[in-house]
Amino acid sequence: MAKLLTYEQVMHLVNMEDAVDSVERTFDYFGKGEVINPTKVTLDLGESGGWPPYEGFFNAMPAYIGYQDNAGIKWVGGFLGHRKKANLPFICGMIILADPKLGIFRAVMDGKYITNLRTGAQTAVSLKHLFKERESIRIGLFGAGVQGHTQTEAISKVFKIEELRVYDIYKPVAEKFARDMEDVVEGKIIICDKVEDATDADVLITVTQAHEPFLSSEMIQPGTVVFPMGSYKEVTDELILDCDEIVVDHLEQALHRGALHRLAEQGKITKDNISTTIGELVAGEKKITNIEKKKVLCIPIGMGCLDVALAYIAYDRAKKGHVGFDFDFCGESYKEDLPERQL
């Protein structure tokens, strides 16, 4: 039987603390080579313009998690056009889990909530292993939507946020963010009128839908870590080339999408320019030294293993708590906890 779980049910099964713990553990095992994570496959539905005219995309993100003996895939998309007009959130997605021994489907669940949690958690975990000696941090945040909220919540689980400067092209959105986050951020929340006003921070996080860069090299001081999130173009090529260290989540993927894509196509950025992966940092295989004197670029575009691992926690809790609906898609039901001879 496959366990079917709705958005609301998943929300009650896992939280941000779970996400941070799960993401850190999965990065650790990925760094040790015990997680399989192919690069994303993208179905462009007009995100880059042209046909079809839906201003959206879907990503297929499969993974195998060794420490869970768990296989799965996330099918996730982002849409602006018709979905935005319908007043629906930008992100939509589903996650499917399967038993890797028998190929029987374990669960089908909404993936939007897990996507939002793990996207924030991957930033928090990256910062934890970049700023190992820090207890507090100052944030410059660009984009005050859902991802702005989850980035802030996740980082608050790892650091005391002593100051957060937020900029959004729609000031009322930034003002609502400040109200929403006043119990999460221990220090001051400053709403900025200009991009430049938000750059005085230890970490700069861009979670916007911008297609034109707005952060430039001269805005960044040594000791700053910049996170251009997702697949959008939010930082200039000069900023990228001026950084002393570049950290990515997935080497092959990072060179073919997101902030590094164009420079990689031009041959200006190669694998040799990548200092380390987040997994290698978490596993202790590599480290970034003298970070207070460097400009650091960290690009966690997103890996399916992070979603699949967190989804397994939701599935396991749902199974134990009798949450959700059981459905036999294929007529191949079995009890996973029985000895092999009784299957």
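Modeller: In this predicted model, eight strands form an open sheet with parallel pairing, in the order 10-9-8-11-12-15-13-14. The edges are taken by strand 10 (188-191) and strand 14 (276-277). Each of these has a single partner strand, so one side of each is left without a neighbour in the sheet.

Within that order, strand 11 and strand 12 pair in the parallel sense over four bridges. Thr206 stands opposite Pro228 in strand 12. The loop between strand 11 (203-206) and strand 12 (224-228) holds Ser217. Ser217 has 13% relative accessibility and therefore counts as buried, the cut-off being under 20%. Leaving aside residues up to four places away in sequence, Ser217 touches Thr236, Glu238, Leu239, Asp242 and Lys295.

Helix 4 (residues 112-130) packs against helix 5 (residues 146-156) at an angle of about 45°, and their axes are 8 Å apart. The two helices are therefore oblique to each other, and helix 4 passes helix 5 in a right-handed crossing. On the helix 4 side, the residues in contact include Thr115, Asn116, Thr119 and Leu127; helix 5 contributes, among them, Val146, Gln147, Thr150 and Ile155. The residues of this contact divide into six nonpolar, eight polar and no charged.

How values were computed: Residues numbered from 1 in each chain as written. Predicted model: local features only at pLDDT ≥ 70, side-chain atom pairs only at ≥ 80, totals over all residues. Heavy atoms only, no water. Axes fitted to C-alpha atoms, helices over the stretch in contact; angles between N-to-C directions. Parallel < 35°, antiparallel > 145°, perpendicular 65-115°, else oblique. Left-handed = near helix turned anticlockwise from the far one by under 90°. Contact = heavy atoms within 4.5 Å. Nonpolar A, V, L, I, M, F, W, Y, C, P; charged D, E, K, R; others polar. Buried < 20%, exposed > 50% of the residue type's maximum accessible area, 1.4 Å probe, protein only. Pairing = 2+ DSSP bridges.
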